[in-house]
Structures are given as C-alpha cells and as structure tokens.
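Welcome! Here is a short tour for anyone meeting this structure for the first time. Have a look at it, and then read on.

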Amino acid sequence: MNVHPPTRRAFLAGTGGLVTAPLAAPIAESLTGAAAEARAAALPARPNFVLILSDDLGWSEVGCYGQKLIRTPNIDRLAAQGLRFTNAYSGAPLCAPSRATLLTGLHSGHATVRENPEGGQQHSLTSADVTFGSLLKLVGYRTACIGKWGFGPEVPHQASHPNARGFGEFFGFIDHQHAHQYWPQYLWHNGTTVTLNRTRYAPALFLEHAKRFIRRSAASGEPFLLYYPNTLPHSPSEVPGDAGIYRNRPWTRANRRHAAQVTLLDTQVGELVRTLREAGVADSTVLIFTADNGPHREKGVDPELFDSNGPLRADKRDVYEGGIRIPMIVWSPSQLGRGRVIDEPVAFWDMLPTLADLAGVPVPAHLDGRSMRGLLTGGVHEGHDYLFWNRPRKAQALRRGDWKAVRFHPGIAGAGPRGRFELYNLGSDLGEQHDLAAERPDLVAELNALMDASVGPDPRLPYGMHVSGGTTAVAGRPHEVVVHLRNGSGEAWTGLRFRIQGPSGWRISGGDADASLAPGESVEVAFVVVPPPRGPFSGRSSAPSPGPSSGPASGPSSDTAPLLATAVFRAGGRRVRFQARRTLTVRPGQKV
C-alpha cells in the first residue's frame, strides 16, 4: 500500500465551523544512511507524547489509507512525514475493552475490562490497573486525559476515575453511555462536573482544553503526556451548523454529517500539531494517531458508501479484520523516516510498553505488549508470536503470521450448538472470504488450543509508588509518612535512595531502605516530618505544588503543605527517578 501525500494545505470552504488547520511548515526532507541513523539517535530521552484516539474510525476512512470521498489532509500529511502502519490492530472491535488494552498493555484475554456494558453495569478499572499515565506520572510527566474515558462509575475519588489511574488532568466524559452525547448537559473536570446545558459542542471543548494543556506544559519545561480520546466520528452524526463542504453531496443527512465529523477530526489534528509548533515543543514530541475499532453503521451511516474498510471484511463489533484493523500513524520531526510504511503487526497492548520504554520507565513484567521502539527508530524489533482478541461469550480471534483464526460461541453469528471455527490466510485472502478450516484440521487444533490458553487472570505484578500516612499534621509535632515502592518490572532495581522534600522550615528525617529490589518485591520506607511550630506552614516548597489536597479542607486556622517523595535507582543500565506527591493539612499546636 502506498502513501499518498496531500496536495492541498487547506480545503474547507463550507460553514459549520469546519476550517482546516494545516500542519504549519513541513519538516525537512528525510535523511539517509549515517545521517538518518544520527537523526534517529537524537530522539529525546524523555519525549512528550500526544496520543490521539478517534472513535469508530475505519481503516480506510482517511486518505492515506485509500479514502476517496472524505478529505483528511492533515492526517495524510502526518503519514507522509512520519510512519504509517498497515497491520495495526485495536484491542477489541468495540470501545471499552479496546481502550482497556491500550491503557494497560494487556490483551482482552487478560485485561480487567473485556466487554462493553451493553445495557448493563458500566465496567470499571481497578486499583491494580497501572496505565501508561500512571507510569509516566511516576517519572515526572505532566499527564492529561481529555475526551472520552469510557469506564465508570460517574463518581469522583474512586479507583476507576482517570485522576486515580495516572492522569493528573481530566476533562470530558467518564461514562461510556454519556459519551454518546455531542451537546451534553455537563462534562467532568477532574472530580467535579461543569454544567453546559447542552449549549456547547463537546469536541470543540476538548480541543480548547488540549491546546491549553500543551501550552501550560511547554511553559513549565516538564515533559508531558496528552491522551486525547476524542468522540469523533462516533454516532450520532452531529456537527455544529451544517455539513460544511459535504452539504450538497447527494448522500443522506447522516452520511454527509459523518463525513464532516471525520474532516473535523482531521482539522483538530492539524490544530494540535500547530499548537505543538507554536509552543516550541514539536521537535521533542512523538504524536500517535489511531482509532479504537472499525467503522460503525449506526443511525443511518453507510460504511459501504465511503468504502470505510477497503478490502477488509465487516466492521465495528466483529473480530474479522474490519472490526479490529485500524489506522495508526506515528509522527515526530526528530524521528527516523519520512513516509515510511511499516507492515509488522502491532496492537494496542504495545502502547504502554512503548511509551514506558521511550520515557525511561522500567516496563512492567508479564504484559502482552512489546515496545515498538525498534520500529519507530529503525532498530531491532521483537515481533509478536501471535495476537489475540476476546469477546466473552461471543467470539474470539487469533492471528499468527498470516494465519487468522476466528471462533464463535455456540449460537452466535449463526454458529450451531457446538460453535464454529474459521481459518483464513491473510497473505492471500485479506478479505477473509475463503475458510480453510476443513483443509487444515491440524492447524485448527493448534490455534484452538492457543485461544484457550490465552484467556486467564491478570498476570501483572503490583507496580508503583505512593505515600501513606495521616492527612493532618500538627505544627511542631512529629508526623510519620511512609513511602511504598513496588517493583513490578522484570529487572532488579539497584542503588535505591529515598528522599522527601517539604516546605522550607520543615524538619525531615528517616529514609533507610534496602539497596535493591528484585522483581516482585516491595519496600516501605518511613519518614518523620515536623512542621515548624508557627504558621504559615506551607512556606516556600522546593517541590512543585501537587494541586488540590486530597485530605480534609483546611479552615482559617490551618494551612496546607506539599510533600514530594522521590526514589532514585538503576534499572536496565538506566538511572530512574520516581516521584509521588502528598498534601498535608497542618493545624496549629496547642498553646502552652
């Protein structure tokens, strides 16, 4: 499949607020030979990340993957200047389980969330779910999730909330069903709701918040992760105003507005890249564009009209290629390659180990994913033995090499009481039209057993760092806090050193610990902190402010003070610095 660079820098002349933002100045021509290798080696040790996740966007719904009717010049330009994956896969053929695999590095046979709510209770992540946000936050990244989270419940201060799962900033939809509204009554900002009274278009607000986060992060000088799970172009097909340049097309209203949604998504991609350039951080940023599953055919949208999947079979909800193969583009001005096409199969569960690897975080052990660093930089890459998808009580799929197996639960998709097993060779039959199961019973038995072995409990080790202890201290009196560190990676952490920083005037002691931590081991390190006997107690901290206190609200006779705990160690030949924050409410001591 060839890359088709765009020929236009801007194209929308319609109404409805659809205005294309070009990617600003093009990056330099690609380098070759030793110069290219030097360029690749210059990829920042701690790059910024912008991960744009579209919702229900088909593999062939953007121009660089063959789309002819819908215009996507900004996304096409990313592909022309970066890397385009032809065998990238989502985590599932529908929303919640796909996002769970993306965030946690586990496929849907092991992830906490393995299916959509489908009218039942909203599924949740748990305190055991370490996300790529959790990992990057540990090493000092500013982290944000702006858009559709997709895991309930709609309650603050609980384990499945994005703030609890590694994202310091959250704005958008928490609940899966709530995210079906483009003109919502309210949206969440961290732990509170923002009333909108159905007067604002949610994707426009997402873009405003995302650009603001990029600017603030760039100004701080700290590395950042922006996870941008937009709701475009999920149904219903709603855009501000009319359908822009598609308003006069001889299509149904739903199809015209669906096309406008995809182009609006493209416009937002251009706006985000423009913001990175204007903030001066484009060269130190890796941007990833992808989709959570195949295209939908809901509320009148016809994917056949747009040839949304090209040669692929089926669409959203199916484990055939059309439901799980998705566009994926990786772009960075400092990255090796220009217009390079990568055919190596990769999947959503590769995202967490990739981001952790690039950010210098020890990769958690027992993940299903593998780092794509080698693919991005032109280095060595260890591919997958196989890829697996699981829809409990419905269907499963497995790809090993060119062989693709599909297994249906009894009674599902026309399967009989014993279910049905299908086998395809994607090398010669990309559209999955010729079932070879009857011709290869040996391979059927082998892949059938591999599917059975791929479903099981979460295999990960506990991983992370946090600070415990009471949330209220008394001025002039000792107060104990404990730093907890868990090595959930596959390598030893050596040369451990712990420290707590507090406001000026505080006395801090303690911190003895073992010098190393083997995989699976944990350690608790106690510190004693003593606020000064007289307020104000926050003083001027050497640690950045951790934000709102999670403890009781301070009254007029109290003050709040930030503490920053750090653990420094070596892992895999690299120096690693973890950090965790805690805010104390300090009350005056009794007068003598």
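Please keep in mind that the model is predicted.

**Salt bridges**

- Across the whole structure, a search finds 26 salt bridges.
- Lys404 counts as buried, because its relative accessibility is 0% and buried means under 20%.
- Glu432 is also at 0% relative accessibility, so Glu432 counts as buried.
- Salt bridges with shared partners join Asp55, Arg99, Lys148 and Asp292 into one network.
- Within that network, Arg99 forms a salt bridge with Asp55, and the closest N and O atoms are 3.3 Å apart.
- Arg99 lies in helix H3 (residues 95–104) and Asp55 in the loop between strand S1 (48–54) and helix H2 (73–81), so this pair ties together parts that are 44 residues apart in sequence.
- Both Arg99 and Asp55 are buried.

**A salt bridge between two loops**

- Glu382 and Arg370 meet through their side chains in a salt bridge, at 3.7 Å from N to O.
- Glu382 is in the loop between helix H10 (373–377) and strand S13 (387–391), and Arg370 is in the loop between helix H9 (351–359) and H10, so the pair ties together parts that are 12 residues apart in sequence.

**Helix H3 and its surroundings**

- The buried residues of H3 include Cys95, Pro97, Leu102 and Thr104.
- Which elements do the buried residues of H3 pack against? They pack against S1, helix H4 (132–138), strand S4 (142–148), strand S8 (224–229) and H9.
- Just after H3 comes Gly105, which takes a positive phi of about 80°.

- Helix H2 is largely enclosed by the rest of the structure, because 9 of its 9 residues are buried.
- Among the buried residues of H2 are Ile75, Asp76, Arg77 and Leu78.
- The elements that cover the buried residues of H2 include strand S2 (83–85), helix H6 (253–278), strand S9 (285–291) and strand S10 (328–331).

**An open sheet of strands**

- Here 5 strands form an open sheet with mixed pairing, in the order S18-S25-S24-S20-S22.
- Strand S18 (472–474) and strand S22 (516–517) are the edge strands, each pairing on one side only.
- Inside this order, strand S20 (residues 493–501) and strand S24 (residues 559–571) run antiparallel and are joined by 6 bridges.
- Which residue of S24 is the bridge partner of Arg497? The partner is Val568.

Note on methods. Residues are numbered from 1 along each chain as its sequence is written. This is a predicted model: local features need pLDDT of at least 70, side-chain atom pairs count only at pLDDT 80 or more; totals for chains, interfaces and linings use all residues. Side-chain values use heavy atoms; hydrogens and water are left out. A salt bridge is a side-chain nitrogen of Lys or Arg within 4 Å of a carboxyl oxygen of Asp or Glu. Helices (H or I, at least four residues) and strands (E, at least two) are DSSP runs, numbered from the N terminus. Buried means under 20% relative accessible area, exposed over 50%, partly exposed in between (1.4 Å probe, protein chains only). Two strands pair if DSSP finds at least two bridges between them. Contact means heavy atoms within 4.5 Å.
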